[in-house]
Amino acid sequence: MTRISFFSIALAFLFAASAKATITGDYVETRNADVYTGQCFANAEMGLTGDQAILAWHIRSGSWDGVRLDGFSVVAAVKANATLGDPYADPYPAKSVLIVDSRANARERAALAAFARHMSGKLLANVINVVNTPIEFQITQEHHGGAVLRAGDFVTVQTRSINENDHLCGNESTFYPPLTQVSHAMAAVAMTDSYSGKGLGKTWTLHDKRSAFVGTF
């Protein structure tokens, strides 16, 4: 009896872990500090900016917590206490607003929220509000780094690839890694990075910053 019980528990654990792992899709991130930059520029922004971020996932295929999520998207807007990625500052606790695809039913919305929290860890540990709204998420396949994200009236993001005109000091590199787990990501320019919702005590609209990532998970 004991052997069967332990075996059953182990199988259940493995099944749950595999169910959570089989999910793939597209990812977009923006911040209010450059992520592709030279060290001198990054040091100048630390402590002053970089405490705001938008993270967005579009699920191409897969399940989470046993719920199929193909085609749905989820977005998080974040306001941290310090520059995200600064090794000498603590950005936590951060406040966040979670924006969930309104096409999803209640069970799917709960799975989308759980997925976003899992992917982001402490960054989404303090969700102030959850909003359901239509989400448009498009990766521009013909241009690497190009993406369009619109989440109702709350979030607008449009990115493009980095080009030679974006090299200001000649020593640029990807200074910060993405804020969440990704299988691949490339730095990009956020032509528009806008959050206009409530809950964070802050709204923003930024243009033409080397502050985005476009990738896959």
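**Figure 1. The N-terminal cap of helix H3 in the predicted model.** Asn-105 caps the N-terminal end of H3, with a side-chain oxygen 3.1 Å from the backbone nitrogen of Arg-107. A polar contact is a pair of N or O atoms within 3.5 Å; within protein, one must be able to donate a hydrogen and the other to accept it, and residues adjacent in sequence count only if both atoms are side-chain atoms. Helices (H or I, at least four residues) and strands (E, at least two) are DSSP runs, numbered from the N terminus. Just after H3, Gly-121 takes a positive phi of about 60°. Residues are numbered from 1 along each chain as its sequence is written, and side-chain values use heavy atoms, with hydrogens and water left out. This is a predicted model in which local features need pLDDT of at least 70 and side-chain atom pairs count only at pLDDT 80 or more, while totals for chains, interfaces and linings use all residues.

**Figure 2. Helix H3 and its cover.** H3 runs over residues 106–120, and the C-alpha atoms at its ends are 21 Å apart. This agrees with the 21 Å that its 15 residues should span at 1.5 Å a residue, the expected span being 1.5 Å times one less than the number of residues. The buried residues of H3 are Glu-108, Ala-111, Leu-112, Ala-113, Phe-115, Ala-116, Met-119 and Ser-120. Buried means under 20% relative accessible area, exposed over 50%, and partly exposed in between (1.4 Å probe, protein chains only). An α-helix has 3.6 residues a turn, so residues three or four places apart point the same way. What covers the buried residues of H3 includes strands S1 (23–31), S3 (52–64), S4 (67–68), S5 (73–79) and S6 (95–101).

**Figure 3. Surroundings of Ser-120.** Ser-120 is found in helix H3 and is buried, with a relative accessible area of 8%. Leaving aside neighbours within four places in sequence, Ser-120 is in contact (heavy atoms within 4.5 Å) with Leu-55, Trp-57 and Thr-180.

**Figure 4. Aromatic pairs.** Rings of Phe, Tyr and Trp (its six-membered ring) pair if their centres lie within 6.5 Å; planes under 30 degrees apart count as stacked, over 60 as edge-to-face and the rest as tilted. By this rule the count comes to six aromatic pairs. The rings of Phe-175 and Tyr-176 have centres 5.0 Å apart and planes at 80°, so this pair is edge-to-face. Phe-175 is partly exposed at 28% relative accessible area, whereas Tyr-176 is buried at 4%. The rings of Tyr-195 and Trp-204 form a tilted pair, because their planes are at 40° with the centres 5.2 Å apart. Tyr-195 is buried, with a relative accessible area of 1%, and Trp-204 is buried at 7%.

**Figure 5. An aromatic cluster and the end of the chain.** Ring pairs link Tyr-27, Trp-57, Trp-64, Phe-115 and Phe-217 into a cluster. Of these, Phe-115 is one of the buried residues of H3. Phe-217 lies in the segment after S14 and is buried at 11% relative accessibility. The C-alpha atoms of Phe-217 and Val-182 are separated by 4.4 Å, although the two residues are 35 residues apart along the chain.

Figure 6. Most residues other than glycine have a negative phi, and most peptide bonds are trans.

Figure 7. The protein has three helices and 14 strands. Of its 217 residues, 48% count as buried.
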